[in-house]
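We will go from stop to stop, selecting as we go.

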Amino acid sequence: MTTASVPAVHAAGLHKSFGKVHAVRGLDLTVQPGEVVAFLGPNGAGKTTTIDMILGLSTPDQGSVSIFGHTPRGAIARGQVAAVMQTGGLLRDITVRETVQLNAAMFDSSRPVDEVLARAGILEIADRKVEKCSGGQQQRLRFAMALVSDPGLLILDEPTTGMDVAGRRDFWTAIRTDAQRGRTVIFATHYLEEADAYADRIVLVRQGSIVADGTAAQIKNLASGRTVKASLPATERGLLAGMPPAESVEYDGGRLTVRTGDSDAVVRYLLNNTGAHDVEVAANNLEEAFVALTGDDAVPESTSITFEGDLV
Amino acid sequence: MSTATVVQDRKPSAGGVNRTFLWIEIKRMLRNRRTIIFTVFMPAVFFFIFGLSNKDKLLPNGHSYGQYILISLTVYAAMTAATGAGSQVAVERAQGWSRQLRLTPLLPGAYIAVKAMAALTLSLVAVVAQFVIGALAGVTMDAQTWLTAGLVAWLGSLVFAALGLFVGYLMPSQNVMQILGPALAILAMLGGLFMPIEIMGETFGNIAKFTPAYGIGQLARSPITGEFDWAWIVNVVIWLVIFVAGAAMAFRRDTKRV
């Protein structure tokens with residue numbers, strides 16, 4: 001427990017460009033030991049690029065990464081971090097057991113091969129050739145490989161892409177059981193339900209930077225909240241200080257936008273205490289809010305209910 | 001039980017060469033039918049076609065054509081085996097295995113060392129197989145000749161293991177041997193492994209002396225020809241340096257990308 005205060009991951013000011021594409025733009029992320037973090041965002045949000053930089057598979061243009069206080073390479077040499085990649089990384093011509101044996105041979109100390117196979121739920125197919133394994137079995141094999149060094153940090157990059165529902169459920173059961181033992185887990189996903197079901201912290205990424213970061217409950221609240229819009233005279237902006245707490249408050253060109261979990265309280269305050277008019281309340285569902293937070297043009301098309309100014 | 005809850009500051013692993021790694025590498029090669037065809041079967045067929053009919057003819061210095069061709073084809077078998085083994089990195093890169101290895105403590109130098117050892121194992125199999133086939137076909141040589149020729153063919157194959165690694169890191173192809181196979185046959189021909197340099201004509205004979213199979217072939221056959229030239233050693237060393245440097249360069253370029 002000597003290093004308990006050292007974060008599992010500390011990434012500061014990461015930038016990465018590929019030609020003209022600025023894939024990651026100033027990303028900061030600190031993950032404490034024991035956290036299970038979902039890295040949630042649509043395809044192309046920069047998740048894989050960020051993971052590659054955390055693992056030291058690519059070098060950031062700017063910024064730095066440390067894992068348990070070491071460089072990525074140093075942490076890998078100490079067996080403190082392992083990863084389950086989306087595709088590839090397996091030799092087709094050897095068996096499941098040989099794959100894990102081979103991986104274990106690279107480390108000074110490793111867990112027993114059969115124990116790791118059992119934990120990943122593939123002990124019964126240990127003698128099968130890798131090329132004969134289904135996508136889900138191959139993914140559990142990658143998971144088994146990641147377990148051999150008993151790493152403090154496990155990183156999974158879209159681990160369930162291409163799996164069927166049952167395969168996905170089995171895979172997450174194995175991961176979840178494992179995480180309960182105290183391992184730090186970071187997984188990238190573009191499935192909202194996965195982040196919701198398996199993470200205790202969700203980091204939402206969009207176009208290479210973090211747009212929201214909180215517990216699953218907080219994100220859900222943010223996502224399931226409503227957006228209140230109203231016209232407000234510029235002279236009354238000072239009155240907003242007395243408004244009930246909201247997730248975000250923006251004021252632009254006479255138009256006020258409030259994102260809140262309690263739209264009733266916000267609307268009541270605006271109508272009772274200010275000269276706000278043309279009030280609109282837009283209800284977002286979870287999916288739409290996710291799209292709104294992470295989509296390329298962050299304007300949600302949502303069902304909106306418009307109140308006349310004198311209704312309340 | 002798992003120690004995942006306690007993040008120990010373990011000592012960094014040396015990331016080295018070990019028996020499990022080497023053994024699985026060797027098993028993979030021996031299981032590969034195409035490898036065995038290229039390294040054992042094809043040279044044997046060549047021997048039966050070109051060697052057997054001329055087995056009892058004599059070279060000007062009194063040695064048999066059978067011996068000359070057996071040693072030459074053994075060098076060819078060993079170089080094909082080693083090139084094939086080295087070029088497997090192309091397949092491993094294509095399957096993302098090289099990238100996976102970068103998530104382990106394995107050091108690049110240790111990976112190359114294991115590849116070289118696996119290549120030498122396969123070329124040893126090739127050398128022994130050719131000699132057994134030759135002996136069964138009735139080629140006789142004294143023990144000294146078997147040993148020297150065998151050792152030169154075997155250790156000389158390291159040059160071609162480096163060539164295999166070089167090409168393997170350059171090419172993305174899964175079937176890198178389909179390109180290397182014919183290329184090796186041309187190098188073998190130019191190096192005097194399929195026919196004596198003397199009958200190639202002056203121009204080709206002169207070119208031949210600068211090709212990578214020439215030095216090893218001449219050295220392997222020296223016990224039966226009774227000749228020796230330092231130029232052959234120079235030929236081997238220069239090609240080894242060229243291929244190792246090429247492989248190192250291609251390897252660095254490969255790990256920088258991604």
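Keep in mind that the model is predicted.

**Stop 1: chain A as a whole**

Select chain A. It has 10 helices and 14 strands. Colour by burial if your viewer can: of the 312 residues of chain A, 43% count as buried. Now think about contacts between residues at least 6 apart in the sequence of chain A. Of these, 68% join residues at least 24 apart.

**Stop 2: a sheet of 3 strands**

Select β1, β2 and β4 of chain A. They form an open sheet in the order β2-β1-β4, and the pairing is antiparallel. Which strands stand at the edges? They are β2 (21-31) and β4 of chain A. Each has a single partner strand, so one side of each has no neighbour in the sheet. Turn the view to follow the twist, which averages 20° from one strand to the next.

Strands in a sheet pair through hydrogen bonds of the backbone, in a parallel or an antiparallel way. Zoom in on β1 (residues 9-18) and β4 of chain A. Their antiparallel pairing runs over 5 bridges. Pick A:Ala12 and look across: A:Ser64 in β4(A) stands opposite.

**Stop 3: loops of chain A**

Select A:Phe68. You are in the loop between β4 (62-67) and α2 (72-77) of chain A. The phi of A:Phe68 is positive, about 45°, although this residue is not a glycine. Is A:Phe68 buried or exposed? It counts as buried, because 24 C-beta neighbours lie inside 10 Å.

Go on to A:Glu158, in the loop between β6 (153-157) and α6 (165-179) of chain A. Here is another residue that is not a glycine but has a positive phi, about 45°. A:Glu158 has 21 C-beta neighbours inside 10 Å, so it counts as buried.

Now select A:Ala234, in the loop between β10 (226-231) and β11 (248-252) of chain A. A:Ala234 is exposed, because 9 other C-beta atoms lie within 10 Å.

**Stop 4: where chain A meets chain B**

Show both chains. Here 36 residues of chain A are in contact with 29 residues of chain B. On the chain A side, α2, β5 (81-84) and α3 (96-105) each supply at least two residues. Which element gives the most? It is α3(A), with 5 residues. Colour this side of chain A by residue type: it divides into 16 nonpolar, 12 polar and 8 charged residues.

**Stop 5**

Select α5 (residues 108-136) of chain B. This helix has 29 residues and reaches 42 Å from first C-alpha to last, close to the 42 Å expected at 1.5 Å a residue. B:Gly138 follows α5(B), and its phi is positive, near 105°.

Finish on α6 (residues 143-170) of chain B. Its 28 residues should span 40 Å at 1.5 Å a residue, and the end C-alpha atoms are 41 Å apart, which agrees. Look along the helix for B:Leu158: α6(B) bends there by about 30°.

Definitions and conventions
Residues numbered from 1 in each chain as written. Chains lettered and ligands numbered in written order. Predicted model: local features only at pLDDT ≥ 70, side-chain atom pairs only at ≥ 80, totals over all residues. Helix = DSSP H or I, 4+ residues; strand = E, 2+ residues; numbered from the N terminus. Expected span 1.5 Å × (residues − 1). Bend = angle between axes of the 7 residues up to and from the residue. Buried ≥ 20, exposed ≤ 12 C-beta atoms within 10 Å, placed from the backbone. Contact = placed C-beta atoms within 7 Å. Nonpolar A, V, L, I, M, F, W, Y, C, P; charged D, E, K, R; others polar. Pairing = 2+ DSSP bridges. Axes fitted to C-alpha atoms, helices over the stretch in contact; angles between N-to-C directions.
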